[in-house]
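This report accompanies the sequence and structure shown here. Please keep both in view while reading.

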Amino acid sequence: RACVKMRAMCRNVTLRVNRAIRPLRRLCLPALSFMRTPNDRYCEWSGAFFEPCMEYCERSVWVVGLVCFFLVLLGISTVVGSMYLYLVPYMWRTYHPLTFVVYITYGHYLLVNICYHYFKGVYTNPGWAPKIAGFQPERAELKRGWTICNKCESPKPPRAHHCRICNRCVLKMDHHCPWMFNCIGHNNHRYFMFFIVYMWLGTAFVIHTQWARVLVFLNATSESFLSFLENFGLRGTVETAIEAGPPVGNESGLVIMVFFICVGVTVALSILGGWHLFLISVSETTIEFYLNKREAMTLRKEGKKFHNTYSFGCVNNWLFFLGLVNGRSFLRNILLPSGHSPHHDGIGWERDNILSYKDKPRAIPV
């Protein structure tokens, strides 16, 4: 009752504040996403108080996502264009023919996987929670984690969360990604993760093939520095770049810009990718990590230990995530672009239900 009264009071205050600051609402910085949970009173009160700002942000974030989508396409196109214009001719002049073929093949392999997983992540349904008219969870369903969403008033299965940007409940929702222009949920989480991995490999590939030319352009080729590189077997690469000459004219500007963009993207993806690798290993989403952390702190005060019932061990968690079940192979379904569906339907997450699913993992502990 206290929470309800507080929410009503906050809404009344919000209406008055909204009338006073209505001319300034356009100056609000749009948030990328906003989520709240029924058990989080702070989120409920803050959500009620900042409702005007959040309504504006929800309308604005679609435009932000569209801009991010085209920025990704522009960035990929710029890097690929510079590779074809300047890097491929440089490699043709300086690399051994066999090395040149290997590098070109590997580069195109990365490009195909980057484009495939990006567009699959964008256009794949993240997994909408089913809408059942008049659904009221029974006692057994409540024990299994089913609830009614307090935003869209639809059945919300366990691990599902409401996305205020999409205005739908998403199965096993991780977050709403503006760069993907889509929610990251049960159906497209693997495409999102693989896009991060292959994009990281792609930017690292550009750095690996361009770093010597950048050093030559920056005139960082003193004898002492070359002697230092000789300890790592890299002196010959720099000397080859010196013989080929530094990039000049339009080539220099584009090569330097692409190189440092790739350095920044590689660092950012290392942090983001490492975070999601950890979450997948413990079978948690970004939302669940913070919810479970708060729950663990509460149980710790009571002298109890929190246990994630959705985790089956690191190896099995990865088998579930990658969908390596029912005879699927690592070569065909992981190393090559694959549109296979994820393991499980994303609705019933009980342990017995998962273990008895038709696509049974190959290494589930008894």
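The sections below treat the overall fold, the core, the aromatic contacts, the cysteines and several individual residues.

## Basis and overall fold

The model is predicted: local features need pLDDT of at least 70 and side-chain atom pairs count only at pLDDT 80 or more, whereas totals for chains, interfaces and linings use all residues. Residues are numbered from 1 along each chain as its sequence is written, and side-chain values use heavy atoms, with hydrogens and water left out.

The protein chain has 13 helices and six strands. These are DSSP runs numbered from the N terminus, with helices being H or I runs of at least four residues and strands being E runs of at least two. Of the 366 residues in the protein chain, 43% count as buried; buried means under 20% relative accessible area, exposed over 50%, and partly exposed in between, with a 1.4 Å probe and protein chains only. Among contacts in the protein chain with a separation of 6 or more, 67% are made by residues 24 or more positions apart, a contact being heavy atoms within 4.5 Å.

## The largest nonpolar core

A nonpolar core is a set of buried Ala, Val, Leu, Ile, Met, Phe, Trp, Tyr and Cys residues joined through side-chain atoms within 4.5 Å. The largest one has 47 residues, of which Tyr-118, Met-180, Phe-195, Trp-211 and Val-238 touch the most other members. Two or more residues each come from α3 (51–94), α4 (97–123), α6 (189–217), α7 (223–230), α8, α9 (250–281) and α11 (314–322). Helix α6 provides the largest share of this core, 15 residues.

Phe-195 touches Val-72, Ile-114, His-117, Tyr-118 and Met-180, when residues up to four places away in sequence are not counted. In helix α8 (residues 235–244), the residues Arg-235, Val-238 and Ala-241 are buried. They lie on the same side of α8, because they cover an arc of only 125 degrees around the axis; the arc is that of the directions from the helix axis to the C-beta atoms. Just after α8, Gly-245 takes a positive phi of about 90 degrees.

## Aromatic contacts

The structure holds 19 aromatic pairs. Rings of Phe, Tyr and Trp (its six-membered ring) pair if their centres lie within 6.5 Å; planes under 30 degrees apart count as stacked, over 60 as edge-to-face and the rest as tilted. Tyr-95 is partly exposed, at a relative accessible area of 22%. The pair of Trp-318 and Phe-321 is edge-to-face because the ring centres are 5.7 Å apart and the planes stand at 85 degrees. These two residues are three apart in helix α11, so about one helical turn separates them. Phe-321 is buried, with a relative accessible area of 9%.

A single aromatic cluster is formed by Phe-69, Phe-70, Tyr-118, Phe-119, Tyr-123, Phe-181 and Phe-195. Elsewhere, Arg-213 lies over the face of Tyr-90, at 4.5 Å from the ring centre. A charge sits over a ring if NZ of Lys or CZ of Arg is within 6 Å of the ring centre and within 35 degrees of the ring normal.

## Cysteines

A search of the whole structure finds zero disulfides, a disulfide being a pair of cysteine sulfur atoms within 2.5 Å. The cysteine sulfur closest to that of Cys-177 belongs to Cys-68 and is 8.1 Å away, so the distance is too far for a bond. Cys-177 is buried at 5% relative accessibility, and Cys-262 is buried with a relative accessible area of 2%.

## Individual buried residues

Asn-113 is placed in helix α4 and is buried, with a relative accessible area of 1%. Not counting residues up to four places away in sequence, Asn-113 touches Tyr-198, Leu-335, Leu-336 and Pro-337. Ile-184 is found in strand β6 (residues 182–184) and is buried at a relative accessible area of 0%. Ile-184 and Lys-172 are twelve residues apart in sequence and 8.5 Å apart in space, C-alpha to C-alpha.

Arg-159 is not a glycine, yet has a positive phi of about 75 degrees. Arg-159 lies in the loop between β2 (155–156) and β3 (161–163) and is buried, with a relative accessible area of 6%. Ser-283, also not a glycine, has a positive phi of about 60 degrees. Ser-283 lies in the loop between α9 and α10 (286–301) and counts as buried at 12% relative accessibility.
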